[in-house]
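Visitor: I'd like a close look at one part of this protein, please. Could you take me through the salt bridges and the strands around them?

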Amino acid sequence: ETKQVKCSFNISIDDILDEESRELFVSRLSQFEYAEYVSFELLESENIEEYEEVRDFIEEVRALGASFAIDDFGTGYSNFDHLLHLDINYLKIDGSLVKMIEEDKASQLFVAAMVKFAKEMGIKTVAEYVSSESIYDQLVTYGIDFVQGYWLGKPEKPSFYLSS
């Protein structure tokens, strides 16, 4: 039995703007039978000045079946710009906010507002660093779509590697 898992790649603005890298991503996705299991994650703290090129890349990989996420959301300086200018599938809420959610009112308000905003925009939300059932329960009350973290299980070394 074949087990299908979602595979995410962290990429930078430089990766997207580099023609050779961009062509490699698109070429490999075109050849890959299960592109819907591939997600590209862009660090939220990346400064994006070339929105048109980034939007074009997102559109191209999404047309091939892959998804696109903003990673570590809530730690950078251009939060809403990214959400307003890029057609993303997922918003990954930074673990520093999630870790503090039980005792920090500002983190609670921010996460709850971001989940609500993302839902209105048709974007799925992911909470990073979920380390306890109580944090999970609180996130569920906000309507979070997905969680990841030690409460679910420790990361494991991959059993496969992609060659170039």
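Guide: Happy to. A word on terms before we start: a residue counts as buried under 20% relative accessible area, as exposed over 50%, and as partly exposed in between. Please also keep in mind that this is a predicted model.

Let's begin with the setting. The protein chain holds seven helices and six strands, and 37% of its 164 residues count as buried. Read from the N terminus, the elements follow the order β-α-α-β-α-β-α-β-α-α-β-α-β. The six strands make an open sheet, ordered β1-β2-β3-β4-β5-β6, with parallel pairing. β1 and β6 (146-147) are at the edges with a single partner strand each, so one side of each has no neighbour in the sheet.

Now to strand β2, which spans residues 38-43 and has five of its six residues buried. On one side, β2 runs parallel to strand β1 (residues 7-11), and five bridges join the two. Here Ser8 stands opposite Ser39, and Asn10 stands opposite Glu41. β2 also pairs with strand β3 (residues 67-73), again in the parallel sense and over five bridges. Ser39 has a bridge partner in β3 as well, namely Ser67.

Glu41 leads us to the charged contacts. The model has five salt bridges. In one of them, the side chain of Glu41 meets that of Lys92, with 3.1 Å from N to O. Because Glu41 belongs to strand β2 and Lys92 to strand β4 (residues 90-93), this pair ties together parts that lie 51 residues apart in sequence. What about cover? Glu41 has a relative accessible area of 7%, so this residue is buried. Lys92 is buried too, with a relative accessible area of 7%.

Lys92 has a further partner: Glu128 forms a salt bridge with Lys92, and the closest N and O atoms are 3.7 Å apart. Glu128 sits in the loop between β5 (124-127) and α7 (133-142), while Lys92 is in strand β4, so this contact ties together parts 36 residues apart in sequence. With a relative accessible area of 4%, Glu128 is buried.

For a contact with other surroundings, look at Lys119 and Asp145, whose side chains meet in a salt bridge at 3.1 Å, N to O. This pair links distant parts of the chain, 26 residues apart: Lys119 is in helix α6 (residues 105-121), and Asp145 is in the loop between α7 and β6. This is where the opening definition comes in. Lys119 has a relative accessible area of 41%, which lies between the two cut-offs, so Lys119 is partly exposed. Asp145, at 27%, is partly exposed as well.

Asp14, Asp18, Glu19, Glu20 and Glu23 form a negative surface patch. Helix α2 (residues 19-31) supplies the largest share of this patch, three residues. Asp14 is found in helix α1 (residues 13-17), and this residue counts as exposed because its relative accessibility is 58%.

Methods:
Residues are numbered from 1 along each chain as its sequence is written. This is a predicted model: local features need pLDDT of at least 70, side-chain atom pairs count only at pLDDT 80 or more; totals for chains, interfaces and linings use all residues. Side-chain values use heavy atoms; hydrogens and water are left out. Patches are made of residues with over 30% relative accessible area and no salt bridge: like charges are joined within 9 Å, nonpolar side chains (Val, Leu, Ile, Met, Phe, Trp, Tyr) within 5 Å. Accessible areas come from the Shrake-Rupley method with a 1.4 Å probe; for residues, only the protein chains shown count as cover. A salt bridge is a side-chain nitrogen of Lys or Arg within 4 Å of a carboxyl oxygen of Asp or Glu. Lys and Arg count as positive and Asp and Glu as negative; His and the chain ends are not counted. The place of a charge is taken as NZ of Lys, CZ of Arg, CG of Asp or CD of Glu. Helices (H or I, at least four residues) and strands (E, at least two) are DSSP runs, numbered from the N terminus. Buried means under 20% relative accessible area, exposed over 50%, partly exposed in between (1.4 Å probe, protein chains only). Two strands pair if DSSP finds at least two bridges between them.
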